[in-house]
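Here's a quick walk through a two-chain model. Have a look at it first, then read on.

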Amino acid sequence: MNQASAKSSPFPAGFFDIAPILVGVFPFGLIAGIAAVEAGLDSIQAYAASPIVFAGAAQLAMIDLIGRDAAPIVIIATVLVINARMAMYSAALAPAFRELSPLRKAYGSYVITDQSFAVSIIRFDRVDETLSDRFSYYLGASLGLWVTWQISSLAGVIIGSGVPEEWSLDFAVPLVFMALVFPAIKDRASTIAAVTAATSAVAFVSLPLNLGLLVASGLGLVAGVIWSRE
Amino acid sequence: MTTLSPTLIWILLGVAGLGTWLIRLSFIALLGRTAAIPDLAMRILRLIPAAVLAAIVTPSITHASGSFDLTTDRFVAGVIAGLVAWRTKNVLATIGAGMGVLWLLQAIS
């Protein structure tokens, strides 16, 4: 965060701090919209996933599993496992949110994302301001991302049905996951978790109900936790 | 293409959305009534993105043709995109490299 944003009023400062990240969010949302149409969702449902679920990786994984007719329980479990990390963000933001009204807590929670959490927690650490200003800053960042996600995924739904199959645009979905996985690999434990999960996923690909993803993720987590104990 | 009914898809969206919101709200709503996240849970939560994303991405390139096959255009494009992702950590560069290589391989085959 630069000096200018630290001095300006908090809501626009939050927006300006997240703006560079939004450039990368836009194509991700576009792909989420296109993927939903290609998975066979009608246009309204394809778009509705963005305001209802409002998640990046989990939303994309959900659409992918719906397209493959996975078991409903597996679809839900996958979304919740991917989004479980947000409990961590909830715990980290809780002190800054403690005096907010229930309504603000409700919609403030709904717009938590990896990106708005990251910029906000850096700001809270560096700038001493009131809880109300902190919430304004957080909302500036979070709503910037929310609006970008809604517009980009809606654009994806609109152009989705018009994309020729020869363009193989469905391949953009694993590419997005590829771009997300490497920043998540930060240390030995996460490397072990990722490598174990990746090889297990290949080994268990033919498990029924698309359970391979959850089983492989579980094995990766166990391996990573065991490793991080040493 | 999915054969799940639109009604079922609405239910799935609703449950996924509500569940996700409750996860986001969890500690914000409970503050003061619960201790911090236990250490083990924290370690698991930290590892989830690396494990789950790796488990999603690998079969999509190793089983691009439906069965295990490391000679597909998608596997080659995926590996190159993976190298770009690893070096740049940039979403646009990764998508650009992966789609570019895939289109190139499809054009020359």
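## A kinked helix in chain A

Helix α2(A) has a kink of about 50 degrees, centred on P20(A); the bend at a residue is the angle between axes fitted to the seven residues ending there and the seven starting there. Helices here are DSSP runs of H or I with at least four residues, numbered from the N terminus. This is a predicted model, where local features need pLDDT of at least 70 and side-chain atom pairs count only at pLDDT 80 or more, while totals for chains, interfaces and linings use all residues. Residues are numbered from 1 along each chain as its sequence is written, and chains are lettered from A and ligands numbered from 1 in the order in which they are written.

The 29 residues of α2(A), 10-38, reach 40 Å from first C-alpha to last, close to the 42 Å expected at 1.5 Å a residue (that is, 1.5 Å times one less than the number of residues). Just after α2(A) comes G40(A), with a positive phi of about 100 degrees.

## Where α2(A) meets chain B

The axes of α2(A) and α4(B), residues 91-108, come within 9 Å and cross at roughly 45 degrees. Axes are lines fitted to C-alpha atoms, for helices over the stretch in contact, and angles run from 0 to 180 degrees between N-to-C directions.

On the α2(A) side, G24(A), P27(A) and F28(A) make the contact, and V91(B), L92(B) and I95(B) do so from α4(B); contact means C-beta atoms, placed from the backbone, within 7 Å. Five of the residues in this contact are nonpolar, one is polar and none is charged. (Ala, Val, Leu, Ile, Met, Phe, Trp, Tyr, Cys and Pro count as nonpolar, Asp, Glu, Lys and Arg as charged, and the others, Gly among them, as polar.)

## The whole interface

Zooming out, 63 residues of chain B are in contact with 77 residues of chain A. On the chain B side, α1 (6-30), α2 (39-62), α3 (73-88) and α4 each give two or more residues. That side splits into 43 nonpolar, 16 polar and four charged residues.

## Domains

Chain A is assigned domain 1 (3-182) and domain 2 (185-230), with bounds from an automatic or database domain assignment. Their C-alpha centres lie 24 Å apart, and the contact takes 10 residues from domain 1 and eight residues from domain 2.

How values were computed: Contact = placed C-beta atoms within 7 Å.
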